[in-house]
Amino acid sequence: MFEGIEFINKEFFWLLLLLPAAILWYILKNKKQTAELKITSLKGFKITNSILPKFKHLLFVLRLLALALIIAAMARPQTVDVSTRTKTTRGIDIVMAIDVSASMLAKDLLPNRLEALKEVAAEFIKDRPNDRIGLVEYAGESYTRTPITSDKSIILNSLKGVRYNTIIEGGTAIGSGLATAVNRLKDSKAKSKVIILLTDGVNNSGFIDPKIASELAVEYGIKVYTIGLGTNGMALSPIRIDPRTGDFEYGRVQVEIDEALLKEIAEVTNGKYFRATNNEKLEEIYAEINKLEKTDIDEFKYYNYQEKFRPLALLAGFLLLLEFLLRATIFRSFV
């Protein structure tokens, strides 16, 4: 009955304690007003079978209900309809530059580095509904897989298709990957421009020096978060292709990540460097970046109040009127 109803003046409910006191008072008063007459015989008296005297207590019940309704009305019940509207005022443009070299198939993360990254990156994208995101792939060279867009379904479908292939020249061109990402963001009018650069190796390919690319990022006001992906020590990595099957053969390989370079890129661009040595750490890194880069959102709430005390007050008035009419007519001879 009271679902969705809020009482503004709840302190008036303390008055309900008067009801038990009123009931006790009525019982004691009724006993005192009941007279007894002892006679030896009822002969000569006309006996009626009227049931009205038995219902005279109904008058007190009506008054008691009216009092309870008045107290409830004084507590001021009301319903509140809340509608919310959000408005994104300052968005963020993000480009994720992903290393897709053969070493990303190493199995120190499960099932391998690339698939682990894709799973975590997909959740990151889903958590950024108000931002535009783009994808850049790089190995020995780089290219834009998806320009920045606010359509998350396009980004997620494109991310699913990211995989190692032999079309891109082998190697790790960190400078080229970073430069391509900067090129996608340089004309952006967003409040904040961010690149998430991930690699599992050292810069050994490409024609662009990573330091030059980082200077370009600074010039265009782009912040770069760098992630070194791979365990410490040895990792089960691709070492050659079996000529008979065309599949990779795996062996234990020393993990080499140019952390000094990644730290420098992050520091110069006012970003931050992270090291992901396992799946859990990778998830934590993307969660931290998600917290660091918050989109400003204005939320407007509209409240529609509807007072509900009037029906209670009217019903209480009706019960009092009914009690008065019954007392003045039907029960006039018994009260």
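An unreviewed UniProt entry carries the annotation "transmembrane region" for residues 12-28, 58-75 and 312-330; UniProt positions follow the numbering used here, feature names are shortened, and annotations may be inferred rather than shown by experiment. The model is predicted: local features need pLDDT of at least 70, side-chain atom pairs count only at pLDDT 80 or more, and totals for chains, interfaces and linings use all residues. Residues are numbered from 1 along each chain as its sequence is written, and side-chain values use heavy atoms, with hydrogens and water left out.

**Annotated spans**
- Residues 12-28 are 65% helix and 0% strand, with end C-alpha atoms 27 Å apart; helices (H or I, at least four residues) and strands (E, at least two) are DSSP runs, numbered from the N terminus.
- Residues 58-75 are 94% helix and 0% strand, and their end C-alpha atoms lie 26 Å apart.

**Helix α3**
- Ten of the 14 residues of α3 are buried, among them L114, L117 and F124; buried means under 20% relative accessible area, exposed over 50%, and partly exposed in between (1.4 Å probe, protein chains only).

**E288**
- E288 lies in helix α8 (residues 279-292) and counts as partly exposed because its relative accessibility is 30%.
- Beyond neighbours within four places in sequence, E288 is in contact with K272 and F274 (contact means heavy atoms within 4.5 Å).
- E288 and F274 are 14 residues apart in sequence, with a C-alpha to C-alpha distance of 10.0 Å.
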